[in-house]
Amino acid sequence: MKIIRRTFCAGLGGVTALAGLGLGPSLAAPAPLVARKARVQLAPEGYPDTEVWSYDGTIPGPLIRVPQGARVQRQLVNDLDEPTSIHWHGIRIDNAMDGVSGLTQDPVPPGGTFVYDFAVPDAGTFWYHAHRNSMEQVGRGLSGVLIVDETMPPEVDGDEVLMLDDWLLDPDTGAFAAPFAQPMMMSHGGRTGNLVGVNGRYDHALTAPTGARLRLRLINAANARIFSLRLQGMTGWTVALDGMPLEVPEAADGAITLAPAQRVDLIVDVTATPGAAAGLLMGMNDDSWNALVEMEVTAGRAPRGTAPAPLPANPNTARPDLAGARRLEMVMEGGAMAGLEQATYQGETLDFRGLIDRGQFWALSGQAGLSDTPFARLDRGEVLRLGLVNQTAFPHAMHLHGMHFRQVRADGSLGPLRDTILSIPREPLEIVLVADNPGKWLLHCHMLAHAATGMTTWIEVA
Ligand code: C2O
Ligand code: CU
């Protein structure tokens, strides 16, 4: 556990290390982020190590941390055998830097480079990951954490980044079980692992004294697993979701659901006494709870006990006016146990068989995969109310690039800002967003096997 923490923090400060040193232009080139193969011990000691695809040789990739309003400047160097690109998940980013191969940029070929250079308007917990053949590239390890620090960060005794993931490994060889494009997984819930871990370790652990107040930043980097989490030996409050502060922190005394790509920032007070069980528990299929992150509690003082103050609001996050909003509906269909009679794929209308032959199992409003024309064209500043109708038998973590949205609840009230929301079969879901970021933005399921087999579309903001 100590080793991974050192590895994980190695990227700290690397982003701006060369800035302001007055070095010549050649030396001032942004720090590289090298996509490459590496061997990492994902499985417990005694099992073989795993060949991963990584950023800079670590799982997760280097932690990128910048102050709010600063620029992230990194040069992607592709040392993989296939093209790739990097998406900066949750950042309200300049469209040209969004990293979607084939929509916002050309894929970076093996041996190629691409400079990402963008401002980060919002403070919060974000992440980055490959956005080309994502089901496999992210599944093999191409992801990392991006933290944007508040100008006035909350008062805490520690700030812990916990990137949750799972891996489907062959225990005999340590290798990822192949293939990633597996029809049974793609048409069902997606690829879930047989090993769950945090920060690249199956046994990542924390140490804190009684009474410590910690910020925990949870990020779900898994391809398909929906984590259900609970605090043990801690009293906590949710202070942000998907990087965006809640107006009022909410007690995190029940189960915390973290769908793929979602983040939750918690502020917790350690209430356990030394030696008592503490940590982050994970709900299992049989309704039991297992330790996901154990916390060793040392002697301290009495917990503060009072709720933390809200994090400072990010800019430009006012609630939209629903009156006059444009209303659209997106029907999600397909997958096992539901059926998809026909859909358009690459300009052709195909029946169920034809779609399966092309590896497509899902559709969004009759369209499987990206089309030349967007699902919707919006004027800049337009308010969109989008109903998501889940006619499948599976939950889907629907993610919009470039802009956050809010849920419109049944009573008309608005939920917190999010960039990824879990849609449950047959439960009506409606979101609202202000189309204030121009460009071409993907809207897709973050169960990456679903995204690869139909559940990807895009909207365009003029
Ligand atoms: Cu994190 Cu297109 O996604
Ligand atoms: Cu899905």
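What follows is a short exchange about a predicted model.

Colleague: Which residues coordinate the copper ion (ligand 2)?

Modeller: The donors follow the spacing H-x48-C-x4-H along the chain. Their distances to the copper ion (ligand 2) run from 2.0 to 2.1 Å. The donor atoms are ND1, SG and ND1, from His396, Cys445 and His450.

Colleague: Is histidine 396 buried or exposed?

Modeller: Buried means under 20% relative accessible area. Histidine 396 has a relative accessible area of 0%, so the residue is buried. Cysteine 445 also has 0% and therefore counts as buried. For histidine 396, then, the word is buried.

Colleague: Which side chain of opposite charge is nearest to arginine 406?

Modeller: Arginine 406 lies in strand 28 (residues 405-408). The residue is buried yet has no salt bridge. A salt bridge needs nitrogen and oxygen within 4 Å, and the nearest side chain of opposite charge is 4.2 Å away. That side chain belongs to glutamate 247.

Colleague: Which backbone oxygen does the side chain of arginine 406 reach?

Modeller: Arginine 406 touches several residues, among them Thr317, Ala318, Arg319 and Pro320. Its side chain reaches a backbone oxygen at 2.8 Å. That oxygen belongs to threonine 317.

Colleague: Where does the side chain of serine 85 reach a backbone oxygen, and at what distance?

Modeller: Serine 85 is in the loop between strand 4 (71-78) and strand 5 (86-89). At 0% relative accessibility, serine 85 counts as buried. Its contacts include Tyr55, Gly99, Tyr116 and His129. The side chain reaches the backbone oxygen of glycine 99 at 2.7 Å.

Colleague: How many salt bridges does a search of the whole structure find?

Modeller: Side chains of opposite charge can pair when their charged atoms come close. Some of the salt bridges share partners: Arg65, Asp149, Glu150, Asp159, Arg215, Arg217 and Asp265 are joined into one network. The search of the whole structure finds 27.

Colleague: Which residue forms a salt bridge with arginine 304?

Modeller: Arginine 304 is in the loop between strand 19 (289-298) and strand 20 (326-334). Its partner is in the loop between strand 8 (143-149) and strand 9 (158-167), 147 residues apart from arginine 304. The closest N and O atoms are 3.3 Å apart, and the partner is aspartate 157.

Colleague: What is the N to O distance in the salt bridge of arginine 418 and aspartate 242?

Modeller: Arginine 418 lies in strand 29 (residues 414-418), 176 residues apart from aspartate 242. Arginine 418 counts as buried at 12% relative accessibility, and aspartate 242 counts as buried at 0%. Their side chains meet at an N to O distance of 2.9 Å.

Colleague: With aspartate 242 in a salt bridge with arginine 263, how far apart are the closest N and O atoms?

Modeller: Aspartate 242 lies in the loop between strand 14 (234-241) and strand 15 (244-251), and arginine 263 in strand 17 (residues 263-270), so the pair ties together parts 21 residues apart in sequence. Arginine 263 counts as buried at 0% relative accessibility. The closest N and O atoms are 3.8 Å apart.

Colleague: Which residue does a cis peptide bond join to proline 60?

Modeller: Most peptide bonds are trans. Proline 60 is found in the loop between strand 2 (50-55) and strand 3 (64-67). Omega of the cis bond is about -10 degrees, and the residue joined to proline 60 is isoleucine 59.

Colleague: What is phi of methionine 337?

Modeller: Most residues other than glycine have a negative phi. Methionine 337 is in the loop between strand 20 and strand 21 (342-345), and counts as exposed at 66% relative accessibility. Its phi is positive, near 65 degrees.

Colleague: What distance separates the centres of domain 1 and domain 2?

Modeller: The domain assignment gives domain 1 (33-151) and domain 2 (326-461). Their contact takes 18 residues from domain 1 and 18 residues from domain 2. Taken over C-alpha atoms, the centres are separated by 24 Å.

Key: Residues numbered from 1 in each chain as written. Chains lettered and ligands numbered in written order. Predicted model: local features only at pLDDT ≥ 70, side-chain atom pairs only at ≥ 80, totals over all residues. Heavy atoms only, no water. Helix = DSSP H or I, 4+ residues; strand = E, 2+ residues; numbered from the N terminus. Buried < 20%, exposed > 50% of the residue type's maximum accessible area, 1.4 Å probe, protein only. Lys, Arg positive; Asp, Glu negative; His and termini not counted. Polar contact = N/O pair within 3.5 Å; in protein donor to acceptor, adjacent residues only side chain to side chain. Contact = heavy atoms within 4.5 Å. Donors = N, O, S within 2.8 Å, 3.2 Å for Na, K, Ca; no water. Domains from an automatic or database assignment. Lists of a residue's contacts leave out its neighbours within four places in sequence.
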